[in-house]
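Me: I am new to this structure and would like to go through it in order. Please take my questions one at a time.

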Amino acid sequence: MRFVEKKFPFVFGDKGSGRLWPGRTFFQTFKSGFQGWAEVLLDLFLPDECPVCGGTLERGQNFCRECEAELPQIGDRRCAICSQPFPGMEPGDVCASCKETRFNFRRNVSCFSRNEVTFGLIHRLKYNGEGWLARPLGKALAKIVEREGLNEGCAGFVPVPLHPVRERERGYNQADLIAKELGKSFKLPVCRLLRRVIATPKQTVLTRAQRKKNLKNAFVVQNDKKVSGKRWILVDDVFTTGSTLDECARMLRLAGAEDVNAITVCHA
Ligand SMILES: [Zn+2]
Ligand SMILES: [Zn+2]
């Protein structure tokens with residue numbers, strides 16, 4: 001457990017930065033380990049806080065009303081395959097980039113598009129030891145999964161794995177934590193069906209083709225028998241070019257998965 005409290009002025013702005021208190025990450029992490037009656041009880045003493053401004057939340061809220069109104073939620077006007085939002089799009093339209101690419105997953109559904117706030121949250125989740133953020137983000141994502149009916153007939157959530165070395169450095173895999181929240185919401189299992197056997201370099205500066213090459217055979221399926229004939233939902237934090245999810249979906253399909261969809265908190 002780390003007690004690092006880095007300030008992200010672009011996330012907190014001037015509203016609420018003074019409300020951060022030391023140990024806050026610890027208590028929110030501690031809390032996220034509970035569910036059911038224990039969660040209700042803990043809520044009385046340790047109310048959830050808004051991940052963006054730090055304000056107190058009412059029970060059942062993921063963000064305070066003010067911050068929620070400002071989040072770039074992806075609505076109907078988006079690509080039917082990758083979820084990239086476009087203002088002029090009609091439901092069912094596919095973006096130019098998806099017309100050229102064939103993914104191994106049927107579609108990706110993202111909750112938010114990229115802006116300073118959403119990427120600030122992802123950054124804190126991944127690099128600031130704030131695993132507790134997976135809880136509000138996972139719950140927000142669960143709403144979208146339900147809206148899209150992706151959970152119907154699905155056998156479980158499959159987190160995109162980190163390489164074991166990177167996971168040890170970070171202390172957790174953020175995709176795993178998000179998948180756990182979804183599992184709780186839908187009473188579906190989290191199945192760690194994939195293992196990352198090659199630590200790929202940071203992908204952010206590479207083109208789609210370079211990413212694809214780097215990722216080739218980076219994942220292996222742990223249990224072919226379990227995968228076969230079922231429908232799975234891959235879970236990750238960010239959709240950038242879709243290469244990572246595509247390679248994961250390719251491996252699940254090779255192992256006989258009937259159908260693979262993907263869900264991500266943010267669309268980059
Ligand atoms: Zn707020
Ligand atoms: Zn698209």
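The questions and answers below concern a predicted model.

Me: How many helices and strands does the chain have?
Reply: The model is predicted, not experimental. Of the 268 residues in the chain, 37% are buried. The secondary structure comes to twelve helices and six strands.

Me: What share of the contacts between residues at least 6 apart in sequence join residues at least 24 apart?
Reply: The count takes in contacts in the chain between residues at least 6 apart in sequence. Of these, the share that joins residues at least 24 apart is 72%.

Me: In what order do the four strands of the open sheet lie?
Reply: Strands S2 (residues 156-159) and S5 run parallel and are joined by four bridges. S5 also pairs with strand S6 (residues 259-267), in the parallel sense and over eight bridges. With S1 included, the open sheet has the order S1-S6-S5-S2.

Me: Which strands are the edges of this sheet?
Reply: The four strands of the open sheet are paired in parallel. From one strand to the next, the twist averages 25°. An edge strand here pairs on one side only, and this holds for strand S1 (108-113) and S2.

Me: Is strand S5 mostly covered or mostly exposed, and how many of its residues are buried?
Reply: A residue counts as buried if 20 or more other C-beta atoms lie within 10 Å of its own. Strand S5 (residues 231-239) is mostly covered, and of its nine residues the number buried is eight.

Me: Through which helix does the chain cross from S5 to S6?
Reply: S5 and S6 pair in the parallel sense. The chain joins them by a right-handed β-α-β crossover.

Me: How far apart are the end C-alpha atoms of helix H7?
Reply: Helix H7 (residues 134-148) has 15 residues, so at 1.5 Å a residue it should span 21 Å. The distance in the model agrees with this: the end C-alpha atoms are 20 Å apart.

Me: What covers the buried residues of H7?
Reply: The buried residues of H7 include Ala-134, Leu-137, Leu-141 and Val-145. An α-helix has 3.6 residues a turn, so residues three or four places apart point the same way. What covers the buried residues of H7 includes S1, helix H6 (116-127), helix H9 (174-186) and S6.

Me: What is the phi of Asn-217?
Reply: Asn-217 has its place in the loop between helix H10 (208-215) and strand S4 (219-221). With 10 C-beta neighbours inside 10 Å, Asn-217 counts as exposed. Most residues other than glycine have a negative phi. Asn-217 is a residue other than glycine with a positive phi, near 60°.

Notes:
Residues are numbered from 1 along each chain as its sequence is written. Chains are lettered from A and ligands numbered from 1 in the order in which they are written. This is a predicted model: local features need pLDDT of at least 70, side-chain atom pairs count only at pLDDT 80 or more; totals for chains, interfaces and linings use all residues. A residue is buried if 20 or more other C-beta atoms lie within 10 Å of its own, exposed if 12 or fewer, and partly exposed in between; C-beta atoms are placed from the backbone. Helices (H or I, at least four residues) and strands (E, at least two) are DSSP runs, numbered from the N terminus. Two strands pair if DSSP finds at least two bridges between them. A crossover is right-handed if, with the strands pointing away from the viewer, the path from the first strand over the helix to the second runs clockwise. Two residues are in contact if their C-beta atoms, placed from the backbone, lie within 7 Å. Axes are lines fitted to C-alpha atoms, for helices over the stretch in contact, and angles run from 0 to 180 degrees between N-to-C directions. The expected span of a helix is 1.5 Å times one less than its number of residues.
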